[in-house]
Each structure stands twice: as structure tokens, then as C-alpha cells.
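Open the model in your viewer and keep the sequence panel beside it.

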Amino acid sequence: MPARIYTTLFSLILLISCGSTEQSANQTDFTDPVPVEGASAHWVSSEHLLWDADIDAFSYALYYSMDADIKIYQTEVTGGDFINMTPGGEIDANLADKLRHIADRPVFTLNEQPEKIHEAVKGQLIAVALNEAGYPLSATNVQRHGVLDDLFYYDGELGPIYHDDSIELKLWAPTSQSVTLSLYDPDKNLIDEVEPIHSNPENGVWKFTGPSDWDRKFYLFNVEVYHRENDGINRLEVTDPYSVSLSTDSKFSQLVNLSGDPDLKPYGWDELIKELPVHTDISLYEAHMRDFSIIDQTVPEAHRGTYMAFTHNGVNGTDLSDGMSHLKRLSNAGLTHLHLLPINDIASIWESDDKRVDLHHPYRELCDKLEIEGLQEKCDQYGDTPIREVFEKWADEDPITQKIQDTYYEDWPGEHFARYDGFNWGYDPFHFNAPQGSYSTDPEGAQRILETRKMVQSLYEIGLNIVVDVVYNHTHATGTSRFSVLDKVVPDYYHRLDPDTGEVETSTCCPNTAAEFKMMEKLLIDSILLWATEYKIDSFRFDLMGHHPKYVMENLLDAIAELTVEEHGVDGKNIYIYGEGWNFGEVADNRIFDQATQFMTGGTGIGNFNDRIRDAIRGGFFAGSGRDQGFANGRYLFPNEHAGPDSRQERSALLDQADRIRVGMTGNLSTYPYINSSGDPVDGSHNMIGYALMPQESVNYIDKHDNETLWDNTQAKLPADLGMDERVRIHMLSNAFINYGQGIPFYQLGSDILRSKSMDRNSYDSGDWYNAVDFTLETHLWGHGLAPAWDNEHLWEDHREFMTNENINVEKGHMELAHELFLEQLQIRYSSPLFRLSSAEEVHKRVAFHNTGPDQIPGIIAMTISDGVCAGESLDPNVDGILVLFNSHIEPQAIDLGLQGMKLHPIHLKSADPVVRDIKINEGSFVIPPLTAAVLVKEMGRSQGEFVCNEWVE
């Protein structure tokens, strides 16, 4: 007898036998519900379910209901139907590895017809343990990722698909009970509601077909689906997860033929074939769309902060903006790639002009949006004065004014100015395959597509390839939120859930996605391929890449490697993939899968940000490490006011930093042999420094958009009485470690011009005021007002001290010098392939470090790169070898290396820095000027061919 019927009969008998006898206070009320606790049951395949019921039960059942009407009481389960679950069984090894964090849970076997399973996944799902009498003992919701992968994985096209005379739409929604398609005209009037070709598709893919005049129509899907958020069947309107074009503010998807519509392609687009550099020749310059041009007066106002700002490149008769002139100089010096923070559709910025308030708007408009105490008085006072001018007045009067932050962020995280301006870093993905509308001159529809392509083309015309920052590790929202897409279409599938509670994991910041499941992996790879082929994107930087499985990233590499110039117009083998391989959160230490983290991706060719060299050079981030100094900014050599009192300990820390820098400059190779500061022969993996097996796997950097800029961080580390000349030299010395090392150099926009954000450690929503870059160098953002409170308030007293230090006064000449020296460093890097060795084997042979071990001269790093006979085949016909000398001391330092015939690099001989030319060369000894990185060459070619190699290579 089915348990549901059995328990119902038992309840009736119980009621009859009890009659009207009043229950005592301690008797069970058999009509009390049994709580459904969490979601600890996992339906992992069509045949198996994992659940640690933690109770000795007589029988188990999987209840399901298409009406979401299951109720569980002390003596019965009502509503829906059920599938018996038999304890025991075994899941295969591959599945067990994929589910390693729950694989030790008890296995239940389900023997049921496929039709019933196909029905069950579409409804409410509850696993129930029952006693011998059929009474429910415990119950939990069921996670269904695995069974959906098992039964409904689909490897075909999704989204809009264009044919010669028809248009097709496909939506993967296997848990939906029904799906229809609503079509809208440009004014968003409903013009048709279309039924799917099949009303219950076996593979979970709902298909819609229509005539070619569907082109440019807007559309929504209407899904009828169970959602655990409200434990009910919902009819939800939702955009297409595979949208390629959108209406303003992403309220509607739009049908667009990316490949076929000529009006979406700039002139020459189809003929644009890029010659991409090999990976070790790459250098990366990270920018944000608005930072780059929002205050550039040489860009037409309508183009500022948009894709179109990049079209002012001086090519083919176009005007040349200040920003593009800056990029052009960097490109001419050797820079290969411009990295843009996310440009896909995001949820955190209004695209409608009438909903935004930006710095050029009248101050009174703040009062139209916000209700903050005291604000109306300021609106009355400043009226039509642009907000920027008001802020400038306040900052001129007081460089540490709190008024700007108070206006901008007074009620954060409630109503605040930043909610209504056009700035956000953009790590809030809404739709993965469409460009962000606020960066277009027209966010309504397909104009954003054309303008993104114009940007890509214009950058390539000045010699720059393009990187886009991609965020597949989380979404902005889940559930039935207006900003939820994936979780409306297939609830509880695309996101990683706590294995017991079923709550969405949020360790990334926001709802974590789960690329360990097949259709999220497919979405990630499909999306990258679309950007690579339709927008000719040359490299992808993965946000929080360590939250993705390593095998997913390897599968992505395989997929892009199949892209060819002949078939796709794209050189897939030279598309570079890199990301943040940080190890944290619910996936940490390979708990759920082998992660794409620093120490897991060696040998794949995937780049990882190198935080080891970063922290060694500059010291840790001020917000986290305080005033602890780095190798380049004074540790032990010219300590600041907060330095440790134990000089031996400080010296030891400095030498340890030197080791980390040396390993980093090999491309952070875990296999590189050297003598460490203790005098021990070790390799790069010692002390968990090196993680790479190929030099391209280390993205060497000292600042990026996160945390304090290099300039800001350095000011917090230096002694207060240090002068501006020394401060600029330290900044450029820090950059030199990145530019002269093996691996992939990475820089933040403006690091070459001493960029500041007024000590803001997290400027993700700090607006144009704290983030914009002025390429005229007439202004600088140091002392631009106290940084926003949310991540900085606890540091304000320190910020006040730093930003009122009269010894820190950045002038145009300082920025001009820094820029010139940065260009020289790039030119030197690209003057010889020896700075860009392509394999670990070449680095092992050619790169050697001198002045190592416990008796080294503190503050000096001496590196040689050999092209002599000992290194094998010649790579540079002009030199036998290169010597790079770094002196981080505030005084000149002498060192005898026994290297004969060295000359200062030709670019140094005409350097804008007169100090580097003061280097003293006497036979094999050198006196290095203070705070200097000097490159010397042995120019004899192969006539003699003698130059030192790494003696520690076995």
C-alpha cells in the first residue's frame, strides 16, 4: 500500500478511536506539520539520490508535485505523487569525483520510468523518510543539478538562430511546465504570443520558429516553473539567457543577426584579421570604460565614457583625443593589449539617461532623486551649478574634505548618489552575451553592437589588441528578482547551493554560479566563443577564476584553439586566457573539484595574477598590512616611522622579499633553481612562491583596479619626510621589476602617470570623481577628498595624515617624467626577445641571479639573461647578454659581478632620467645610482659568444 494512502487511513482510525476525548497537554497533535529542513538531498542521476537522512527509517520516498501542493504532517503526506527510494547502490567514479564534497553520503536507488522522472523534475521535490507505520520522520528539499545534467544536457545552439528565410529561438528550460514567447514592437507593444513547436520537449529545449521579419523585434519568454524561493508554481517573464541585444535597462531581449546584418559592422569589419602576438610577448594595460574618457575634453561630449571614445584615434582623418594619444604612445613603445573591465550587460548601472545623475548634471538634480537630511539646503545653495564644480570647490578648500563623501554616500547602502550615477566597475553580470548599453550612445537595441565593434577596430588600428574582463563566477541576483535571468529559467540549477541548506553560496560577493554543472559550463564556453568570433576579442581575464573547475578552463582552451583565421577569422591559438586564481570560499582547497587556482593550473598555459611579486615589491596593501614596507619602498634600508625595531628581522624580511621578486621575474616558475636568502639551493616552489610551469602563466603586477593604487599604497609606506623626486623614482623602480622580468606584465591605467584615487581601497562604486584619469596631466586625484566610507572610514585618520603631508605634491612635471620613464621601460622590454622567453627551459638556462644568499648586499637584485654559447641557439643577434641591476637603496650601491664588456642600454643613454646615466662601470664592477633600475648589454654578438648562464641548472 502506498505510504500516502496508508498514513491517511491510519489517521482516520486514530480519530475514530479517540472520539471526542480531549488531548492532554503532552500528546502529539498529529496534524502538526513536519518541517522540511534545508535541501540536503541531491538527485545526482536518473537512478541515484544522495541523502544523509540522519535517521533510522523504515522507508524513503521522493515526493513531487506539479502543483507544489505537498504538505507533510506527523501522520501523512498530502499532495503530489512519489517515487520509492531504496537504500543502497553506487554512483560511478566520475560522478563521485564531481560530487566529492557529498560523495560519502548514503546512496538511494530510484527505479522508475523515464516519463515519470521527466515529470518529477518539473515540480516541487521533497525527500521523505518514513517509519514502519508510514509516518514521516524527516523531510528535506531536493537539489536537482545532477539529474538535469544526466537527462537534459544539450550541446546544440541556444538563443536566436538565423536561417535564410526564418528565425529560430531555443531556450533550455527542462524544469519549466510551459514556455511561450512574447514578441514586441519597438514601442514594447505586444504583437504576438507564440507557442513552442513542442509543448513538452524531451530534451528540455523549447523551440520557437518564425519568419525573417521577426528580425529586430523585442521578446520575452513566459515560463511556468516551480521556484523554491516561494515554494510555488510561478509564471515569470524573463529575458533570454543567450540574449545578444537588449532594450534600454535590459527589460527586453532583441532578435539580432550578429553575423549577417551589415548595418551592425563598421567598414572593413569582415576583413579585419588580427595578427596576435605569442603569449609571452603580451603586455596588458587595464582600463575602465568611463575612467578612460569621461573627463577627456578632446572627446565629443556624447562619446565620453562610451565605446565611441576609442574611435578618436587619429586614423583615416579622424581626430586624435588625449586618451587615444596616450594609448598610441604606449602601443608604439611595445604595449600589446588594452584590458577593459566588464563590458557585457550589467545590472548595477542605469542605462536610461533620465534615471541617472552624473557629475556634469546640476546639483539640484540630487534632490530630485534622493531624500537625505540636509541635502535640500545644499540643492538650494548650488542650484544649477554642476556637481563636479561643487566638488572641486570643496576639494580645493580642503584636500581631506568629508563633504564629497557625505554627498555621494551619506546613506549607503540605502539611497545614495552612487546608486544613480553612471559608474560601477561592472562585476554585476546581467546578460553575458550582450554589450552594456550605458557605454553606447544609444542603449536601445543594437547600436551597442556596432559601437563595440568600432571600438575593437579602432584600437587595433593603433596596434592594440583587446582584453575583456569576464565574470562567470556569479550573477547579480537570483530568485524572482527583476535582475535574475538564469534562476528564473531553471531555478536552483545554474548556481552553487549549500549542500545542506540549499541556500545560494555567495563567497564571491554575490550569488555564485556552478560551472561544475554541464549547462553552466556550456554557457561559459559558448559566451567566450561568441565574444571571440563576433567581436574579435583577443584575450579574456576571468574574475575569481579559482571558483571554476580546472577542467572547465581546459575545455575552454580546447574550444578556442579550434578557432582559425580561415574558418572563423580568428587566431584562436593565440587568444590568451588569464584570471584570478585565488583559493577561498566553499570551493577552497579543491573541496568540490580541482580548481583553476594558481597552484593547480601549472602547465595549462593559463595565466594567474602573481600576488607574490606584488607584495614583495610594494609591501602588502595598506588597508591590510598597514605601513609594512616592501623591497622597493624602504624596508630595512630607509625605514618609515612605524618600522619594526629589530633590524635583523627587518633585514631578513627584505632578503625574503628579494627572493620572491627573483622567482617572480623568472615568470614565477616553480621549477627555477636558485640560492635563497638562507644559502640553500632550492627551486621556485620553496615557501610556496612559484606556481607556474610556463612563463606565460604568471601575470606580474603591482596594481590593478582592486585595492589602493601603486602611488597611493607607496605613500603610506614611505617615510613622511621623503621628497617628491625620491617618491617618483620609487614608483618607477617598482614598475621596472614588472617590465624587466619574464612572464606577462600587467599595469593599471594611469600607473605610468602616478595614478591616485585618494587612498580609496575599493573604488568599485566610487564614481567618476575618484576614478577618472586626466591625460592632460593638469589635475591629479591625490587629496581629492576623503575616500568613501564603506571600505575606508576606519582608515580616515591615516588618510588625513598622508594627504596633508606637504612633502607629497604631485605636479605635472612629475607625471610627465613618470610617463616618459614608463615608455622607456617598455621600449627596453621590447628591444630584445631575451626579456620575453617562451619556455621554462629557456628561462632555466638563460636567467641567472647574482648577489644571492645570506651575505648578499641588501637592496640589490642583479639579473643576467644570457644569449651566449652556453644558452644554446641565439635569440638576439645584437647581444650576447643582458644585465639588469636594481638598487632600492636611497644611496648609491657598489657591486662587483666580474662581468666584462657591459654597456648601458642605448635607450638609457638618451633617457629622460639623468640619474640612470650616472651609473659607474669599471671592468666587472658597478656603482648603481639610488632608487634605480639600470639595463646593461654586452653587444659583441656571437663573435665571442661568452656570457654567464644559470650555474644552478643541473
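Select Cys-870 and Cys-949: these two form a disulfide, with their sulfur atoms 1.9 Å apart (a disulfide is a pair of cysteine sulfur atoms within 2.5 Å). The torsion about this S-S bond is about 85°, so the disulfide is right-handed. Cys-870 lies in the loop between strand 31 (860–866) and strand 32 (881–887), and Cys-949 in the segment after strand 37 (932–938), so the bond ties together parts that are 79 residues apart in sequence. Helices (H or I, at least four residues) and strands (E, at least two) are DSSP runs, numbered from the N terminus. Cys-870 is partly exposed at 44% relative accessibility, whereas Cys-949 is buried at 15%. Here buried means under 20% relative accessible area, exposed over 50%, and partly exposed in between (1.4 Å probe, protein chains only).

This is a predicted model, in which local features need pLDDT of at least 70 and side-chain atom pairs count only at pLDDT 80 or more, while totals for chains, interfaces and linings use all residues. Residues are numbered from 1 along each chain as its sequence is written, and side-chain values use heavy atoms, with hydrogens and water left out.

Next, select Cys-367 and Cys-379, which are joined by a disulfide with an S to S distance of 2.0 Å. Its torsion is about 100°, so this disulfide is right-handed. Cys-367 belongs to helix 7 (residues 365–369) and Cys-379 to helix 8 (residues 375–382), so the bond ties together parts 12 residues apart in sequence. Cys-367 is buried at 18% relative accessibility, and Cys-379 is buried at 4%.

Move to Cys-509 and Cys-510, joined by a disulfide at S to S 2.2 Å. The torsion of about -100° makes this disulfide left-handed. Cys-509 is partly exposed at 48%, while Cys-510 is buried at 13%.

Now select strand 21 (residues 429–435). Seven of its seven residues are buried, so strand 21 is largely enclosed by the rest of the structure. Two strands pair if DSSP finds at least two bridges between them. Which residue of strand 21 is the bridge partner of Asn-344? It is Pro-435.

Turn to the aromatic rings, where the count comes to 41 pairs. Rings of Phe, Tyr and Trp (its six-membered ring) pair if their centres lie within 6.5 Å; planes under 30 degrees apart count as stacked, over 60 as edge-to-face and the rest as tilted. Select Phe-432 and Tyr-472: their ring centres are 5.2 Å apart and their planes at 25°, so the pair is stacked. Phe-432 is in strand 21 and Tyr-472 in the loop between strand 22 (465–470) and helix 12 (486–489), 40 residues apart. Phe-432 is buried at 4%, and Tyr-472 is buried at 1%.

Tyr-576 and Tyr-578 are also stacked, because their ring centres are 5.3 Å apart and their planes at 20°. Tyr-576 is buried at 0%, and Tyr-578 is buried at 0%. Then select Tyr-363, Tyr-382, Phe-391, Trp-394 and Trp-769, which ring pairs link into a cluster.

Finish with Lys-518, whose charged end sits over the ring of Tyr-153, 5.5 Å from its centre (NZ of Lys or CZ of Arg within 6 Å of the ring centre and within 35 degrees of the ring normal).
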